[in-house]
Amino acid sequence: MAATTETVEQVQTLANDGYKHGFVTDIEMETAPKGLSEDTVRFISAKKNEPEWLLEWRLTAYRHWLTMPEPQWAKVKFDPIDYQDSYYYAAPKSDDDRPKSLDEIDPKLLETYKKLGIPLLEQELLAGVAVDAVFDSVSVATTYKKKLEEVGVIFCPISEAIQTHPELVRQYMGSIVPYGDNKHAALNSAVFTDGSFVYIPKGVRCPMELSTYFRINAENTGQFERTLIIADEGSYVSYLEGCTAPQRDEHQLHAAVVELITMDDAEIKYSTVQNWYPGDEEGRGGIYNFVTKRGLCRGRNSKIAWTQVETGSAITWKYPSCVLEGDGSIGEFYSVAITNNMQQADTGTKMIHIGKNTRSTIVSKGISAGRADQTYRGLVKILASAEGAQNHTQCDSLLIGDQCGAHTVPYIECANPTASVAHEATTAKISDEQLFYCLQRGLSEEEAVSLIVNGFCKEVMKTLPMEFAVEAQKLIGISLEGSVG
Amino acid sequence: MALLEVKNLHASVGGKEILKGIDLVIEPGEVHAIMGPNGSGKSTLSYVLAGRDGYEVTEGSVQYDGQDLLALAPDERAGAGLFLGFQYPVEIPGVTTMNFLKTALNAVRQYREEKPLDAMQFLKYVRERAAMLNVTDDMLRRALNVGFSGGEKKRNEILQMAVLEPTLAVLDETDSGLDIDALKVVAEGVNAMRTPERSMLIITHYQRLLDYIQPDHVHVLANGRILRSGGKELALELEEKGYGAITGAEAA
């Protein structure tokens, strides 16, 4: 029997059993009972064999979460989330007996990965990519670890880093996205189950792209990933995050937190392709993707670049941001967001200029089709200290059909008269002329839309690492299937 | 068997009848020219043949290469070897001319049940054809028709024809907006494409283009009908007497 099937059955059994007191000490259980409470938080922490300080931090976050209102300002509509109707922890197999190598991994689990197209065995070797695969909530395999260890790069599940590098985790976790930042971040802080941890030592250029594939598999299990990347002085890393999920009916909550920090002259390039189940044509099902991503350019002349291709999820609520603290530091945000059918997306970025001569670039490409609604929401904030700061923002929207919506909401706050801030925005439609021209050259309608949209997104797509770009181009075509004709 | 056989073709745009009974037969290898004043229905005819949305055939039939052309979707018509050179080529930002040509060629090759060309094969294939039309690598790297001059756009249309190797090429006012040098380059490109199998339908307002591309047949289109057909001397007669001499005679 496949591990997934087992998990689903366990989940169903537990659902029928209802809530049982006293389960927290029973760490043999593979799944936490439904619902959220201090007990749930304690269960997760115990499962992970966490130090006391972390449990206390989780509990503080949980208590704070209880007092916080849901964010109301995004232009998205959905029914209130019943937090008690979700599971917060599910492991595909026993955590006590973690596999030491790929050989020890259930072959059926590996088979599932292959079906999902995760390049765990073959493609990582070909592409030279180290994969930290997250299946449900427990990381089950990390490859290329040795090669990374040789140069001193730490790349492991965050649950492992908590055990092996507690000082780094304790110092930085929550320092960029505090638990009280917003309700979703607070929830994540309380119940995060796993994620990735990366540390690049001084002067090291990470020898390969680091890649983590997130998947949601168990029925009705919210996922709360937490990622922390630290780039020490003069180091460089490119990190890829890709997501797909199999079709399902239940709404699923996903509230991830990603924290990045760069010291002097360091650079982090963070690329995402997000392709979670968006729901059906009537908007049933689909993932709620409420993500808090923030990078701190702490050091002088350091750089953080976010690139995202967002095609999935029923609702996307996501603003990867940069705090430009170090003098001369650089923040970049390149985004393609596609919404089709009934999808809703409210996404953008925040660039906070604190240091002198800090620079930021924002390029946002929004494509809306079907009855979808999409908003770019961005903040460029220049503090009084940010002498000579520069920002350039470009927001382009492309509409397909006449029932979709695109909105641009740029906020600009500038407290330094030497700063320069530029904002450009355009809205266009795919014209009948363009479509007919492509058809006349033999392209099908879907090929034509894919070609035109990929052209529209080109500035962003070219910032993606090569192997990701090809996948993302295909994804754009697939996401817009059935949007014309 | 004729390559194209248009019978009593009537077509409307937005409920208004534009084509009012066109009859036209094109044999393999023939070059036909259709001339006519503005608003006579020349472009409508080209769009109807290519299958553009909004151009509704109300009566008549079109046989192409042994099949009912009107039953095919626009991309199927392209796949079957029908090419339309646009009067106003369309801009597609962000899509390089090279990428567009490759996508189009491989789409058409799929209809012909041929294998797609890979990047290297395609580069060689397109460069051979581009050289003939003075299309530089720089032009191939630029976004399709974006910022192209009028002459570059028309040369690009002919390059697309050369790449796709159609059986029937309909060229809609390919000469408009061209200076004499550009006109010669375009005409040479078209002439180089003439084969005993390939037919062309050249739509033009002026006789000028026909100095460089010799048609086998010339038709005069006015008010949605072909009023006269003849050899290339008809084009010269039009040049001399003007359209009024023919359309006026019809009215009287």
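Tutor: Start with α3(B) and α4(B), which lie roughly perpendicular to each other. Keep in mind that we're looking at a predicted model. In chain B, helix α3 covers residues 97–111 and helix α4 covers residues 119–132. Their axes come within 11 Å and cross at roughly 105°. That angle counts as roughly perpendicular because the class runs from 65 to 115 degrees.

Now for the side of each helix that takes part. From α3(B), the residues in the contact are Met98(B), Leu101(B), Lys102(B) and Leu105(B). Across from them, α4(B) brings Ala119(B), Phe122(B), Leu123(B), Tyr125(B) and Val126(B). Sort the contact by class and you get eight nonpolar residues, one charged and no polar.

Moving over to chain A, you'll find 13 helices and 21 strands. Of its 485 residues, 61% count as buried. Take contacts in chain A between residues at least 6 apart in sequence: 82% of them join residues at least 24 apart.

With a relative accessibility of 3%, Thr316(A) is buried. Beyond its neighbours within four places in sequence, Thr316(A) touches Gln274(A), Asn289(A), Glu310(A), Gln344(A), Ala345(A) and Asp346(A).

If you're wondering about cysteines, searching the whole structure turns up zero disulfides over all chains. For Cys206(A), the nearest cysteine sulfur belongs to Cys156(A), 13 Å away. Cys206(A) is buried, at 8% relative accessible area. Cys322(A) is buried too, at 0% relative accessibility. Its closest cysteine sulfur, in Cys297(A), is 5.7 Å off, so that pair is too far apart for a bond. The cut-off for a disulfide is 2.5 Å between the sulfurs.

Last, a word on confidence. Chain A averages a pLDDT of 80, and 78% of its residues score at least 70.

Definitions and conventions. Residues are numbered from 1 along each chain as its sequence is written. Chains are lettered from A and ligands numbered from 1 in the order in which they are written. This is a predicted model: local features need pLDDT of at least 70, side-chain atom pairs count only at pLDDT 80 or more; totals for chains, interfaces and linings use all residues. Side-chain values use heavy atoms; hydrogens and water are left out. Buried means under 20% relative accessible area, exposed over 50%, partly exposed in between (1.4 Å probe, protein chains only). pLDDT is the predictor's confidence in each residue, from 0 to 100. Axes are lines fitted to C-alpha atoms, for helices over the stretch in contact, and angles run from 0 to 180 degrees between N-to-C directions. Helices (H or I, at least four residues) and strands (E, at least two) are DSSP runs, numbered from the N terminus. Angles under 35 degrees count as roughly parallel, over 145 as roughly antiparallel, 65 to 115 as roughly perpendicular and the rest as oblique. Contact means heavy atoms within 4.5 Å. Ala, Val, Leu, Ile, Met, Phe, Trp, Tyr, Cys and Pro count as nonpolar, Asp, Glu, Lys and Arg as charged, and the others, Gly among them, as polar.
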